[in-house]
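Subject: Structure for you to look through

Dear colleague,

I am handing over a structure that I would like you to read alongside my notes. Please open it first, and then follow the notes with the model in view.

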Amino acid sequence: VQLQASGGGLVQAGGSLRLSCAASGRTFNMAWFRQAPGKEREFVASISWGGITTSYADSVKGRFTISRDNAKNTLYLQMNSLKPEDTAVYYCAAAMALRDSRGSFSPDAWGQGTLVTVSS
């Protein structure tokens with residue numbers, strides 16, 4: 001599967017952005033990760049194939065919403081009330097399993113990143 005993320009950009013604190021991730025080929029469970037400058041890549045949110053089960057990092061709960069449109073083979077991340085600390089390169093990912101043995105989302109495929117910059 002190939003994943004293509006888009007929708008990043010520059011936004012002021014308090015603003016909103018919607019990221020998209022177009023997939024070619026069949027996808028199963030999907031997720032968003034992000035990597036801020038000088039930091040490790042971190043989990044943001046995940047969604048099961050049917051869209052029933054979602055999970056969020058504590059830092060984005062209540063502000064970000066993950067969704068998917070399987071008919072369009074597209075994953076979304078609606079980001080509201082953005083903060084400067086949300087600045088990062090955002091990556092979409094796909095995995096056969098929603099959780100591994102440690103309870104984490106372990107991607108089998110990654111998309112290229114899209115940069116989100118939140119100014120204060």
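Strands E1 and E3 pair in the antiparallel sense over five bridges, where strands (E, at least two residues) are DSSP runs numbered from the N terminus, and two strands pair if DSSP finds at least two bridges between them. Gln2, for instance, stands opposite Ser24 in E3.

Before going further, please keep in mind that this is a predicted model, in which local features need pLDDT of at least 70 and side-chain atom pairs count only at pLDDT 80 or more, while totals for chains, interfaces and linings use all residues. Residues are numbered from 1 along each chain as its sequence is written, and side-chain values use heavy atoms, with hydrogens and water left out.

The sheet

E1 and E3 belong to an open sheet of four strands with the order E1-E3-E8-E7 and antiparallel pairing. Strand E1 (2–6) and strand E7 (64–69) stand at the edges with a single partner strand each, so one side of each has no neighbour in the sheet.

Within strand E3 (residues 17–24) you will find Ser20, which is buried (under 20% relative accessible area with a 1.4 Å probe, protein chains only; exposed is over 50%, partly exposed in between), since its relative accessible area is 18%. Leaving aside residues up to four places away in sequence, Ser20 touches Gln4, Ala5, Ser6, Trp32, Thr74, Leu75 and Tyr76, a contact being heavy atoms within 4.5 Å.

The aromatic rings

The structure holds four aromatic pairs, where rings of Phe, Tyr and Trp (its six-membered ring) pair if their centres lie within 6.5 Å, and planes under 30 degrees apart count as stacked, over 60 as edge-to-face and the rest as tilted. In one of them, the rings of Phe33 and Phe105 have centres 6.2 Å apart and planes at 55 degrees, so this pair is tilted. Both Phe33 and Phe105 are buried. The rings of Tyr91 and Trp110, with centres 6.4 Å apart and planes at 85 degrees, form an edge-to-face pair. Here Tyr91 is buried at 16% relative accessibility, whereas Trp110 is partly exposed at 39%.

Finally, the charged end of Arg41 sits over the ring of Tyr91, 3.8 Å from its centre, and also over the ring of Trp110, 4.4 Å from that ring's centre; this requires CZ of Arg (or NZ of Lys) within 6 Å of the ring centre and within 35 degrees of the ring normal.
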